[in-house]
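Here is a quick tour of one model, with side chains and their surroundings as the theme. Have the structure open while you read.

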Amino acid sequence: MEEPEYQEVLLDMRRRLANYQEKTDDPVGNGLAKVKPGWKVNRKECLKASSRNPEDYV
């Protein structure tokens, strides 16, 4: 974040998210969630969630 006036807000939001992830044992808090067989998951490079291109999915 380049805008210095938002640095405190950003840090607070990151702390809140980390606390919530720890409290709820969120697997994403420990890195990427594991993709289960049968799930349809977009690659991070895919720009449109509704893409019909099979190459856009893991």
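## A pair along the helix

Arg-16 and Asp-12 sit four residues apart in helix H1, which is about one turn of the helix. This is a predicted model, so keep that in mind throughout. The two residues are joined by a salt bridge, with 3.0 Å between the closest N and O atoms. Side chains of opposite charge can pair when their charged atoms come close. With a cut-off of 4 Å between a Lys or Arg side-chain nitrogen and an Asp or Glu carboxyl oxygen, the 3.0 Å of Arg-16 and Asp-12 qualifies. How many salt bridges does the structure hold? The count is one.

The two partners fall into separate exposure classes. Arg-16 counts as exposed because its relative accessible area is 58%, over the 50% mark. Asp-12, at 28%, lands between 20% and 50%, so it is partly exposed.

Here are the relative accessible areas for the residues in this report:

| Residue | Relative accessible area | Class |
|---|---|---|
| Arg-16 | 58% | exposed |
| Asp-12 | 28% | partly exposed |
| Val-9 | 42% | partly exposed |
| Asp-25 | 62% | exposed |
| Ser-51 | 11% | buried |

## A nonpolar patch

Staying with helix H1, have a look at Val-9, which is placed there too. Together with Tyr-6 and Met-13, Val-9 makes up a nonpolar patch on the surface. The accessible area of Tyr-6, Val-9 and Met-13 together is about 310 Å². Val-9 itself is partly exposed, at 42%.

## After the helix

Next comes Asp-25, in the segment after H1.

Is Ser-51 buried or exposed? Ser-51 is buried, because its 11% is under the 20% limit. Which residues does Ser-51 touch, once neighbours within four places in sequence are set aside? Its contacts are Cys-46, Asp-56 and Tyr-57.

## Around a ring

Tyr-57, one of those contacts of Ser-51, has another partner worth a look. Lys-40 lies over the face of Tyr-57, at 4.7 Å from the ring centre.

Definitions and conventions. Residues numbered from 1 in each chain as written. Predicted model: local features only at pLDDT ≥ 70, side-chain atom pairs only at ≥ 80, totals over all residues. Heavy atoms only, no water. Lys NZ or Arg CZ within 6 Å of the ring centre and 35° of its normal. Buried < 20%, exposed > 50% of the residue type's maximum accessible area, 1.4 Å probe, protein only. Contact = heavy atoms within 4.5 Å. Patch = residues over 30% accessible without salt bridge, like charges linked within 9 Å, V, L, I, M, F, W, Y side chains within 5 Å. Areas by Shrake-Rupley, 256 points an atom, 1.4 Å probe, with all protein chains shown as cover. Helix = DSSP H or I, 4+ residues; strand = E, 2+ residues; numbered from the N terminus.
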